[in-house]
Amino acid sequence: TNYFTWLVSEKVLTENPALAIPNAKVTSPLPEILFEQECIRLLTAASADCRTYLLVLLLLETGMKIEEVMNLKLNHIDTSNAYAPEVWVKHSGKKIKKDRKLKLPREFTSAFNDYVATYHVTDQLFPYSQRFVRYLLTAAGEKAGLTKRVSTQLLRDTCAVRLLKVGEPVE
């Protein structure tokens with residue numbers, strides 16, 4: 001209808017033929033998120049396996065995309081200050097401008113060290129398929145008794161809302 005409104009304003013048409021067409025604005029549904037008690041239950045359930053716990057903690061605290069998580073290498077993790085660990089999210093090609101450093105919670109350091117020692121990780125942090133990672137998250141959600149389907153997107157959205165609640169800017 002905007003095009004026809006413009007044509008009428010420019011006097012190309014005398015009346016707007018699209019006015020008779022119902023034009024309902026489409027609103028996207030809000031994303032589903034985990035509430036704080038659900039986050040605690042998920043982390044508790046995931047803690048039975050250091051790999052699943054590290055994965056859930058990383059996704060919940062950073063909001064990283066699955067592609068970013070799958071590309072993490074050991075040298076992207078900085079635990080030199082055990083109380084303020086960080087992760088470097090690296091990209092290649094045109095996405096290199098999206099590189100960033102993210103702060104991790106204190107409990108990340110011990111979880112990271114346990115995971116690396118237990119699973120003998122040497123280079124790629126999660127040398128698994130995306131399908132296997134999705135399986136780990138789904139299984140953790142089921143073990144936690146959550147009715148919501150736990151996915152990387154759910155944890156990403158939850159992270160965003162949690163950050164807004166503590167006063168982080170929208171950007």
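Local features were considered at pLDDT of at least 70 and side-chain atom pairs only at pLDDT 80 or more, whereas totals for chains, interfaces and linings use all residues of the predicted model. Residues are numbered from 1 along each chain as its sequence is written, and side-chain values rest on heavy atoms, with hydrogens and water left out.

Helix α5 spans residues 107-119; helices (H or I, at least four residues) and strands (E, at least two) are DSSP runs, numbered from the N terminus. The 13 residues of α5 reach 18 Å from the first C-alpha to the last, close to the 18 Å expected at 1.5 Å a residue, the expected span being 1.5 Å times one less than the number of residues. Phe-108, Thr-109, Ala-111, Phe-112 and Tyr-115 of this helix are buried, a term that denotes under 20% relative accessible area, with exposed meaning over 50% and partly exposed in between (1.4 Å probe, protein chains only). The buried residues of α5 pack against α3 (50-62) and β1 (77-78).

Seven aromatic pairs are present in the structure. The ring centres of Phe-108 and Phe-112 lie 5.7 Å apart with planes at 15°, so this pair is stacked. Rings of Phe, Tyr and Trp (its six-membered ring) are paired if their centres lie within 6.5 Å, and planes under 30 degrees apart count as stacked, over 60 as edge-to-face and the rest as tilted. Phe-108 and Phe-112 are four residues apart in helix α5 and therefore separated by about one helical turn. An α-helix has 3.6 residues a turn, so residues three or four places apart point the same way. Elsewhere, Tyr-3, Phe-4 and Trp-6 are linked into a cluster by ring pairs.

Val-133 belongs to helix α6 (residues 130-143) and is buried because its relative accessibility is 0%. Apart from neighbours within four places in sequence, Val-133 is in contact (heavy atoms within 4.5 Å) with Leu-55, Ile-66 and Met-70. The C-alpha atom of Val-133 is separated by 9.9 Å from that of Val-69, 64 residues away along the chain.

Two residues with positive phi were also examined. Most residues other than glycine have a negative phi. Lys-11 has a positive phi near 60°. The loop between α1 (2-9) and α2 (36-46) contains Lys-11, which is exposed, with a relative accessible area of 72%.

The largest pocket holds about 730 Å³ of space. On a 1 Å grid over the protein atoms alone, a pocket is an open set of points where a 1.4 Å probe fits, with protein on both sides within 12 Å along at least five of seven lines; lining residues have an atom within 4 Å of a point. The lining of the largest pocket comprises 27 residues, with Thr-62, Gly-63, Arg-100, Leu-102 and Leu-163 nearest the centre. At least two lining residues come from each of α3, α4 (66-70), β3 (100-103) and α7 (152-165), and α7 supplies the largest share, seven residues.

Methods:
Grid points are joined across faces, edges and corners, and a volume is the space filled by probe spheres set on the points.
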